Amino acid sequence: MNKFIYLDNAATTKIDPQVFETMRPYLEEEYANPSSSYTFAGNIHAKVDDARSSIAQFLGAKSSEVFFTSGGSESDNWAIKGVADSLSAKGNHIITTKIEHHAVLHTCEFLERHGYEVTYLDVDEYGLVDPAKFEAAIKPTTILASIMFANNEIGTIEPIAELGKIAHDHGVVFHTDAVQAFGHIRIHVKEMNIDLLSASAHKLNGPKGVGLLYIDSKVKISSLIHGGSQERGRRAGTTNAAGIIGFGKAVELADARLEETNAYETKLRDKLIQRVTTEIPYVKFNGDPVKRLSNNTNFCFRFIEGESLLILLDSNGICASSGSACTSGALDPSHVLLAIGLPHEIAHGSIRFTLSRDTTEQDIDDTVDTLKKIVDRLRNMSPLYEDFLKKNKEA
Amino acid sequence: MSQVTEYSAKVMDHFSNPRNVGEIEDASGVGTVGNAKCGDIMRMYLDIDENQVVRDAKFKTFGCGAAVATSSMATELVIGKTVQQALEVTNKAVMEALDGLPPIKVHCSLLAEQAIHAALWDYAEKNHLVIEGLKPPVNDIDETEAFYQMQGE
């Protein structure tokens, strides 16, 4: 079994060789701290600025509005805690959704323990936020809304421009966690009414450990990481020069290939969905069929549990991910799948396959062929399936 | 979250090649414990002869890798044992036989112990027997004292 099929690109992606080569000098001979004043550091500083301006251009933002961080989680923490702090005199109410990444949800829960009030919006069965419900949740004390651009588990793309417009109509600062969307969907922050946007380099073939927060120049935000005067005094910490320069290259490549990658991934994604839903019985396909990331698929296989499925896929050389969390006495499956209305027992059997431009048609076929065998095997040892078959027989 | 790297070789073996999967028709005793909401259900079938010796055991399990492995090991441990000895196959015995479980999966071994007890209870009821030390079966392990002591791990 020499097969290795990586279908977990929402977890992380492989660094592009061009990105790696771009970074290499800054990990080797060009090691200066870009904040230093000698010539040796100056070139590096200029390269970091180049990365900043090309990323800003990709977002439709000004260079001075892009701040580098350690990744998506830090950006989410900064956006939410920073605005909550700077606008605390104005109000204490924050609106988010039930399907956010934990970097947003746990940050909001933290703020709840510190006197803030948070509304967690419901989503529909496809994972979509209803703009009318969002508008209805806005109160005079609402200072911030944080709604993800695209969901990491089920791939649903939210109506961000519309939601941002509503926020602005009511004077509410609008943040979006675009970690899954950035580099995969064209985003223009100004046209889409986005005040704050979080992104991470490793989701688009860039290096791990570097991300960004776009902050509209009109937004008042407190710092999260205090210390030195890096990032125009807003985010302390020695500049991750190699990471940022690699991030810049990854964005340049994503920009150049975006439509081509989308078309390619969509073709493979739809083939995977088609084969799984027609060749395997009792499967639930999760997320919106159209308003969806081009690389995301998510299924629930009834009568079986996700971890078992993952281990058997792994032993067949296939990397995927599960929303199941058979990890504690609480045993709660994915909060996203529960939010779209799936019962616990079905949500436990979820699997996410996320593609990339490196995925081949053969990978998809091999995965489905293997999946069919594994699902069959696990169902044959499932008491739930046994009961289901007996019930059907009697009926 | 995948547990692959945290499972012992024995757990992986019993998960990948589970022993005694299936059903026993007209079993002497059948017990089902756990619930789908929590993600684990075990069903244990026992074939017990007239001398109260477990002749055969089979299982079906809905659950994670550890749930399948503990079920498989539990069947191996009870086959050939008397009813009284089978009752003494504790969750600790199942765990030890598997070279341990990750802490967050210890509850699976409790489920296996309870599945044996539930099947024995069913056997006792069908045959109007009293098995010394056997308590009425629980629907799920969160009703057991051991689970309470583990504080829900």
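1. Strand β3 (residues 93-97) of chain A runs parallel to strand β5 (residues 142-146) of chain A, and three bridges join them. Strands here are DSSP E runs of at least two residues, helices are H or I runs of at least four, and both are numbered from the N terminus. Two strands count as paired if DSSP finds at least two bridges between them. Within this pair, Ile95(A) sits opposite Ala145(A), and Ile94(A) has Leu144(A) as its bridge partner.

2. A word on what we're looking at. This is a predicted model, in which local features need pLDDT of at least 70 and side-chain atom pairs count only at pLDDT 80 or more, while totals for chains, interfaces and linings use all residues. Residues are numbered from 1 along each chain as its sequence is written, with chains lettered from A and ligands numbered from 1 in the order in which they are written.

3. Now the whole sheet. It is an open one of seven strands in chain A, ordered β2-β8-β7-β6-β5-β3-β4, with mixed pairing. The edges are taken by β2 (66-69) and β4 (117-121) of chain A; each has a single partner strand, so one side of each has no neighbour in the sheet. From one strand to the next the twist averages 20 degrees; for such angles, axes are lines fitted to C-alpha atoms (for helices, over the stretch in contact), and values run from 0 to 180 degrees between N-to-C directions.

4. Carry on from β5(A) towards β7(A). β5(A) and β6(A) are parallel and share three bridges, with Ser146(A) opposite His175(A). Strand β6 (residues 173-177) of chain A is in turn joined to β7(A) by three bridges, again in parallel, and here Asp177(A) faces Ser198(A). Where does the antiparallel sense come in? Between β7(A) and strand β8 (residues 211-215) of chain A, which pair that way over five bridges. Ala199(A) stands opposite Leu212(A) in that pair.

5. Are these strands buried or exposed? For β5(A), five of the five residues are buried, so the rest of the structure largely encloses the strand. Buried means 20 or more other C-beta atoms within 10 Å of the residue's own, exposed means 12 or fewer, and partly exposed is in between, with C-beta atoms placed from the backbone. Strand β7 (residues 196-200) of chain A also has five of its five residues buried, so it too is largely enclosed. Leu196(A), Ser198(A) and Ser200(A) point one way from β7(A), Leu197(A) and Ala199(A) the other way, and all are buried.

6. The largest nonpolar core deserves a look. It has 149 residues, and the members touching the most others are Tyr214(A), Met44(B), Ala115(B) and Ile116(B). Domain 1 (5-11 + 258-394) and domain 2 (17-254) of chain A both contribute residues, so the core lies between them. (A nonpolar core is a set of buried Ala, Val, Leu, Ile, Met, Phe, Trp, Tyr and Cys residues joined through C-beta atoms within 7 Å; domain bounds come from an automatic or database domain assignment.) Leaving out residues up to four places away in sequence, Tyr214(A) touches Leu59(A), Ala61(A), Glu65(A), Val66(A), Val189(A), Leu196(A) and Leu197(A). Contact means C-beta atoms, placed from the backbone, within 7 Å.

7. How do the two domains of chain A meet? Their C-alpha centres lie 30 Å apart, and 19 residues of domain 1 are in contact with 20 residues of domain 2. On the domain 1 side, the elements giving two or more residues are β10 (296-301) and α9 (335-339) of chain A. The largest share, three residues, comes from α9(A). By class, that side has six nonpolar, nine polar and four charged residues, where Ala, Val, Leu, Ile, Met, Phe, Trp, Tyr, Cys and Pro are nonpolar, Asp, Glu, Lys and Arg charged, and the others, Gly among them, polar.

8. Chain A has a further open sheet, of three strands in the order β9-β10-β12, with antiparallel pairing. At its edges stand β9 (283-285) and β12 (350-354) of chain A, each with a single partner strand, so one side of each lacks a neighbour in the sheet. On average, neighbouring strands are turned by 25 degrees against each other, direction ignored. Three bridges link β9(A) to β10(A), and Val283(A) is opposite Phe301(A).

9. Finally, chain B. Its secondary structure comes to six helices and three strands, in the sequence pattern α-β-β-β-α-α-α-α-α. Of its 153 residues, 48% count as buried. Among contacts in chain B with a separation of 6 or more, 62% are between residues 24 or more positions apart.

Notes
Contact = placed C-beta atoms within 7 Å.
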